[in-house]
Amino acid sequence: MNSNESVISLIKQRKARHVLPRELYFDPEVYRQDLEHIWHTDWVFAGHTFEIPKTGQYFTLQIGDYPVAVVRGKDGEVRAFHNACRHRGAKVCEHASGKVAKLVCPYHKWTFELDGNLIYAGNMGADFDRSNYGLKTVHVEVVHTYIYVCVAAKAPDFSNFRAAVTPFIAPHFLENCKVAFESNLVEKGNWKLVFENNRECYHCEGTHPELLNSFVENVSVAGVGGDDDPELVAHWDRCEAAGMPSRLNMDPMGRFRMTRIPLSAGAVSYTMDGKPAVAGRLDKSGEADIGALLYFNYPSTWNHFLGDHALSFRVLPIGPGETLVTTKWLVPQSAVEGVDYDLDRLTKVWLATNDQDRRLVEGTHAGVSSPAYQPGPFSENAENGVCQFDDWYCATMLERLGGRPQLKSVG
């Protein structure tokens, strides 16, 4: 049995509405297939345009096997390149972020313009043609500051996601924002466990006391529902009357979803007392309580937008049992720390929540790796979201591995 057939067989062993078979979380060959057929194929959230506002600013990330550099050009365009010199492969951008006049390889000083063209390569001889050795490009799409990249030779369609997400995030005016704080947390667990944990709050009551001061999971939108919840519909109606799209919009294939939910009574932000963490507003709706806009886009991001600030989360696999989770707290560009917001108050809830989730993921990874583990059933009431993620993963992998046609609808 070849590797494709092995992974197909594992996926087909999964019972309906059950957790994945254990090997899908820790087996190195499954991880290789995840990289090839998801991470090296799909659009991945890289960062925000306001992180590189000036010419020559860059940041780097690692997408599976591919080191990538995202750069602001002289013409103002955001570009992405494979972060490997065309000479002998050294990383051209060595740091997590920086600002340069040119992209200079530290090994032999090959020098590239900010658009990737090679402009200097010493000692290569008269017959060497620089035009053949520019940095290899990576596909880039930008939607309201969100930079998505794709390392595949041919990128999948981005237009459906752009059309769906734009009405939801445009009213939050992220173009006028900045990163107030960034957290990078390495979780010793498979990337699928990280996303599964995010997609349910069954665990929240016993694990996240800080978050539950403001957040209340609405189980009717965890999967694909919502219209049968009068409280939720009333919240949608009130927000939409103020110009804030809110009703659930979900990709038919299950890859992305946007919806707005109410917070707990009296809460308008993720703080210990539920009151705003930042003076001023991101939106111009005039509606004091817009709850939280939640959007995910598999495999790499989930996001929370509130009235006073927003949070973007990025997931990147490091290995079969390691995942990097990056959280960024986004506030208005004009907000001044110590005047308009207190950093501890702004970050306390999600710094605690992220670390609590890390411990859960790491404990689950250790448990599912045991030969004694057998997949259990999902709760019909509280785990529709995590079941939806696993359904998406299985259908996507089977389609791309040749196991069966892709999922046609979610439900």
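**Note on the predicted model: sheet, rings and cavities**

1. Three strands form an open sheet in the order S6-S7-S8, and their pairing is antiparallel. Strand S6 (103-104) and strand S8 (118-120) are the edge strands. Each has a single partner strand, so one side of each has no neighbour in the sheet.

2. Look next at how S7 meets S8. Strand S7 covers residues 111-112 and pairs with S8 in the antiparallel sense, over two bridges. Thr-111 has Tyr-120 in S8 as its bridge partner.

3. Now the aromatic rings. A pair of aromatic rings is described by the distance of the centres and the angle of the planes. The count for this model is 29 aromatic pairs. One of them joins Phe-45 and Tyr-148, with ring centres 5.9 Å apart. Their planes stand at 50°, which falls between the limits of 30 and 60 degrees, so the pair is tilted.

4. Where do Phe-45 and Tyr-148 lie in the chain? Phe-45 is in strand S1 (residues 44-48), and Tyr-148 is in strand S10 (residues 146-150). The two are 103 residues apart, and the pair links distant parts of the chain. Are these residues buried or exposed? Phe-45 has a relative accessible area of 1% and is buried. Tyr-148 is buried as well, at 0%.

5. A second pair to check is Tyr-295 with Phe-305. The ring centres are 6.3 Å apart. The planes are at 25°, so this pair is stacked. Tyr-295 belongs to strand S14 (residues 292-297) and Phe-305 to strand S15 (residues 301-305). The pair therefore ties together parts that are ten residues apart in sequence. Both Tyr-295 and Phe-305 are buried.

6. Two lysines deserve a look, each with a phenylalanine ring. Lys-284 lies over the face of Phe-173, and its distance from the ring centre is 4.5 Å. Lys-328 has its charged end over the ring of Phe-59, 5.9 Å from the centre of that ring.

7. Then the empty space. Rolling a probe the size of a water molecule over the atoms shows where empty space is left. How many cavities of 30 Å³ or more does a search of the whole structure find? There are three. The largest cavity holds about 330 Å³ of space.

8. The lining of the largest cavity has 25 residues. Closest to its centre are Asn-198, Phe-215, Glu-217, Leu-294 and His-304. At least two lining residues come from each of helix H5 (191-198), strand S13 (256-261), S14, S15 and helix H8 (343-368). S14 and S15 are also the strands that hold Tyr-295 and Phe-305. By type, the lining of the largest cavity has twelve nonpolar, eight polar and five charged residues.

9. The second largest cavity has a volume of about 70 Å³. Its lining includes Glu-187, Val-194, Asn-197, Asn-198, Trp-302 and Val-325. Trp-350, Asn-354, Asp-357 and Val-361 also line the second largest cavity. H5 and H8 are the elements that give two or more residues to this lining. H8 gives the most, with four residues. The lining of the second largest cavity divides into five nonpolar, three polar and two charged residues.

10. One residue connects the last two points. Asn-198 is among the residues closest to the centre of the largest cavity, and Asn-198 also lines the second largest cavity.

Note on methods: Residues numbered from 1 in each chain as written. Predicted model: local features only at pLDDT ≥ 70, side-chain atom pairs only at ≥ 80, totals over all residues. Heavy atoms only, no water. Phe/Tyr/Trp six-rings, centres within 6.5 Å; stacked < 30°, edge-to-face > 60°. Buried < 20%, exposed > 50% of the residue type's maximum accessible area, 1.4 Å probe, protein only. Lys NZ or Arg CZ within 6 Å of the ring centre and 35° of its normal. 1 Å grid on protein atoms, 1.4 Å probe; cavity = no way out; pocket = protein on both sides within 12 Å on 5 of 7 lines; lining within 4 Å. Points joined across faces, edges and corners; volume = space filled by probe spheres on them. Nonpolar A, V, L, I, M, F, W, Y, C, P; charged D, E, K, R; others polar. Pairing = 2+ DSSP bridges.
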